[in-house]
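Dear colleague,

Please find below the structure that I am handing over to you. My notes on what was found in it follow directly after.

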Amino acid sequence: MNAGQSTRASLRSGYGLLSPSLLLLLVIFLAPLALMLPMSFKPYIAGQGIGTGFTLEHFVKALTDDYYLEIAGRTLMLGGIVTSLCLVIGYPLAFFLARTRSRLRSWLILLVIFPLLLNLVVRTFGWIALLANRGLINDALITLGLIATPIKLLFNFTGLLIGLTHIFLPFMVLVLMAAIEHLPRDVEDAARSLGAGWLVTFWKVTLPLSLPGIVSGSILVFVLTVSALVTPRLLGGPTYKVMSTLIFEQFLQLLNWPLGSALAFLLTLVSVILIAGSSALARRAGAAA
Amino acid sequence: MSGLRLDELTKRYGEITAVDRLTLEIGEGQLLALVGPSGCGKTTVLRMVAGLIEPDGGRVNLGGADITDTPVHKRNLGLVFQSYALFPHMSVNDNVAFGLQRRGVRGATLDAQVSRALAMVRLDGLGLRKPRELSGGQQQRVALARAIAISPQVLLLDEPLSNLDATLREEMRAEIRRLQQELRITALFVTHDQAEALTMADRIAVLNGGRLEQIGSPEDVYRRPANAFVASFVGRANFITETLAVRPEDLSVVAAAPDDAQSRPVRVLVAAFAGAAIHYTLALDDGRELRAHVPPDGRVFRPGEAAHVAWAKEDAVELPSSGARGS
């Protein structure tokens, strides 16, 4: 067998191994996306539903109407802040878990994963019980005399921020932990032997080398946040909307599928652009590492 | 005065004593090779000197100052790792500059010192490359340049050549030794390769099970091993009897027992031609096997032939019984 044949053969078996997952992606991801795009160009006639013909009105509406722009801005802002919070809270935790030699390590990791083992709705109702106007937190603060009237923690940005950060923190911690565990310790020792204290070593060596992990953890949390539906629906209530709840409403309550498709397509597009951008960043950081 | 002195240095891991009251001294500008089988505690010693491991007992004294409690980044030492441990996200220049920058060197002085360090390891012109764009040997040179750039009081080398192929390893042996002598820098070299230790070091310390077995010049350790462990770890030793050892190159293989030398009858098991010598594997009457490296100019014996091994009395070393010390 010559080299060309063996390359072709290994390429063929590579595709063979990939085909189940490729097929799945094609059916559950690309096909709906391909169906959604033509839908978004159809007119919507109130009372009748989807008309025939071609229109850009949904995209124009989504990109110019203040109402939609505000929700889009809010969603991206939420994604950005939740990601940052998960990073700030998650990095020290992941660092500790990756480096500790404590016998409790596996229990601590279990504790990090624990929120994921709870039902999403149960977990969210837990937050409602805590954050509501007559909830545990406000009651406690009033009893202690720290505040006179309840602080609004629910059905607004704060509520979503708290709920989403809590849910997606484990993802960030797990990704960062894996990245930090694989950092070569010799390199840090080398930095210290050259006169770098703990802080300088961290800033100049550990942090830059864990950048690929930071980027992939951030992409994951960002995408999960902007596409989260149940938590924003429950913690945001019916009036405080984000993109996913807006799309949900267009599809299932207003039956305006064309506008829903346009919004969904735009959200997907923004996510893909952000993922592609940060992957390129991660590749550069990874290539440097 | 820039020598390094270890005083009763001890490290325990639970029940196991990794380093047991090790006392040794490296004179200023000398290279001491710390050799021993894997797990003998040699790397632990180096890491304690570096400050990366805290000793359970004993002191480390560098250039007259007790540095036992000094944190790593305040000890002025150059560390070279087996894994190179270069900063992968920095260019070669930035790698070498790292330690200098920590010492406040900036601007043109920094550039000059980085270039000088790279020139010393013959890597001029590669400063803008990333470590991954260099070969293993070049990476190890960068690591060396990075370590010497800060003019450390002592250079610590932890198996620096183990990841290199055989040819490169010999080249780097000479390179490290040249650099160390040019800079007159005190150096501690940890290796499991006794040949490396013999060719490079001013003095050799043989470590076994965390204890110092012998310390001396390469010739001392090779010619006058203190015990059976040292004799068989550093070079190859033939035990003619339980306690009498002769090096393979000091044995000759002859047809008849000579009058003027010690000898024993043997049977030839293997005769292998190795270029500069013939390597014989021989069996004594009691079944003990010997190795003899003989110049290929005399008579060549075939496997199965009977012969005699002979050696000069002064080449044989009488050693304390090998049962006296552990493993």
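In what follows, axes are lines fitted to C-alpha atoms, for helices over the stretch in contact, and angles run from 0 to 180 degrees between N-to-C directions. Helices are DSSP runs of H or I with at least four residues, numbered from the N terminus.

The model is predicted: local features need pLDDT of at least 70, side-chain atom pairs count only at pLDDT 80 or more, and totals for chains, interfaces and linings use all residues. Residues are numbered from 1 along each chain as its sequence is written, chains are lettered from A in the order in which they are written, and side-chain values use heavy atoms, without hydrogens and water.

Within chain A, helix α2 (residues 57–64) packs against helix α3 (residues 66–99) at about 65°, and their axes lie 5 Å apart. In this contact (heavy atoms within 4.5 Å), α2(A) contributes A:K61, A:A62, A:L63 and A:T64, while α3(A) contributes A:D66, A:Y68 and A:L69.

Between the chains, 19 residues of chain A and 23 residues of chain B are in contact. One salt bridge (a side-chain nitrogen of Lys or Arg within 4 Å of a carboxyl oxygen of Asp or Glu) is found across this interface. The side chains of A:D189 and B:R47 form a salt bridge, with 2.8 Å from N to O. On the side of chain A that touches chain B, α8 (185–193), α9 (198–209) and α13 (257–288) each supply at least two residues. The largest share, seven residues, comes from α8(A).

Yours sincerely
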